[in-house]
Amino acid sequence: MIRSSECDVRPFIKWAGGKSQLLNQLYAFLPERLFTEDFNYIEPFVGGGAMLFFMLNNFHNIKKIVINDINTELVKLYKTIKDAPTRLIEILKDMEAVYLSLPTEMARKEKFLEIREKFNQHNLDDIFNSACFVFLNKTCFNGLYRVNSKGDFNVPFGKYKNPKICNSTTIIADSEALNAADVIITNGDFSDTARYIDKTMLNFFYFDPPYRPISATSSFTAYSKSNFNDGDQKRLAEFSKYIDKEHCLWMLSNSDSSLASGNDSFFEKIYFMFHIERVTATRSINSDASKRGRLTELLIHNDYKLKI
């Protein structure tokens, strides 16, 4: 039985491509062994953490958790949530009070640009840097995280009337959950997570990489200075083959390239030896209206008996 999505342990930021709406479908495709054995959970592209917090809520037989992301600022935020939630809340409450007291949209935009400029100096202490990250996430356009070639955050002002910048309940709940579990937080390439495989027990990987664009305009978000291109998608496929062992089960989400062209079989080719399922998601971020709405996405996994 899945615990309610109203649980306080949930993502503390908005994140493009987040998995909150897909959790029930992902749950159905989990390996049966996760419900009967102790296991380690490894997530090399943690992003907004929807799947991470879902696993924390629903699987108390996880012995160790490893979360990783290439986005250095995001990793700092996870560590701050885990280690210094009270100080983070204090700073965010001050930011929220100042921001919401500003009388005009123009004044709020100026405050947004001021915080964005500070964040892009890349010289803040980790806690204040994390507070700026949350502030920008809650006040920028669509909660996107996008950087330019210099690594500077460049998403525009969001024009929200009453954004909830400091959700202290969620921050505290997430901090307690991260501290209650044996959680390792790393910042690097997805392939670095291989070092945490424990050959003496079951390991379950969930991969949620930056999605392959299904149109020329759909790749709106760059999470780091180096975009995740087709070469990286192929590297990930090779990594999936590398960890395809008896003690390693994995599941991977990505876009359905066939939506761009019925002849595009990119993922079918690089994952031909694995199981490819299709699930339905609602996506709203795309400059092409025809690419918004309910779309199919791919769910790929190695050979295991499904929970269903």
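How are helices α3 and α7 oriented relative to each other, roughly parallel or roughly perpendicular? In this predicted model, α3 and α7 are roughly perpendicular to each other, a class that covers angles of 65 to 115 degrees, whereas angles under 35 count as roughly parallel, those over 145 as roughly antiparallel and the rest as oblique. Helix α3 (residues 72-83) packs against helix α7 (residues 168-180) at an angle of about 90 degrees, and their axes lie 7 Å apart. Axes are lines fitted to C-alpha atoms, for helices over the stretch in contact, with angles running from 0 to 180 degrees between N-to-C directions. Tyr78, Ile81 and Lys82 of α3 form the contact with Ile171, Asp174, Ser175, Leu178 and Asn179 of α7, contact being defined as heavy atoms within 4.5 Å. These residues comprise 4 nonpolar, 2 polar and 2 charged ones; Ala, Val, Leu, Ile, Met, Phe, Trp, Tyr, Cys and Pro count as nonpolar, Asp, Glu, Lys and Arg as charged, and the others, Gly among them, as polar.

The chain contains 9 helices and 7 strands, assigned as DSSP runs (helices H or I, at least four residues; strands E, at least two) and numbered from the N terminus. Of its 308 residues, 53% are buried, that is, under 20% relative accessible area, with exposed meaning over 50% and partly exposed in between (1.4 Å probe, protein chains only). Among contacts between residues at least 6 apart in sequence, 76% join residues at least 24 apart.

Helix α2 (residues 50-58) is largely enclosed by the rest of the structure, because 9 of its 9 residues are buried. Among them are Met51, Phe53, Phe54 and Met55, as well as Asn57 and Asn58. Thr186, located in strand β3 (residues 183-187), is likewise buried, with a relative accessible area of 16%. Beyond residues up to four places away in sequence, Thr186 touches Ile67, Asn68, Asp69, Val75 and Tyr196.

The mean pLDDT of the chain, the predictor's confidence in each residue on a scale from 0 to 100, is 91, and 89% of the residues score at least 70. Values stay under 50 over residues 1-6, which have 10 contacts beyond four places in sequence in the model, and also over residues 285-291, which have 16 such contacts. Where pLDDT is low, the predicted coordinates should not be read in detail.

Residues are numbered from 1 along each chain as its sequence is written, and side-chain values use heavy atoms, with hydrogens and water left out. Local features require pLDDT of at least 70 and side-chain atom pairs count only at pLDDT 80 or more, while totals for chains, interfaces and linings use all residues.
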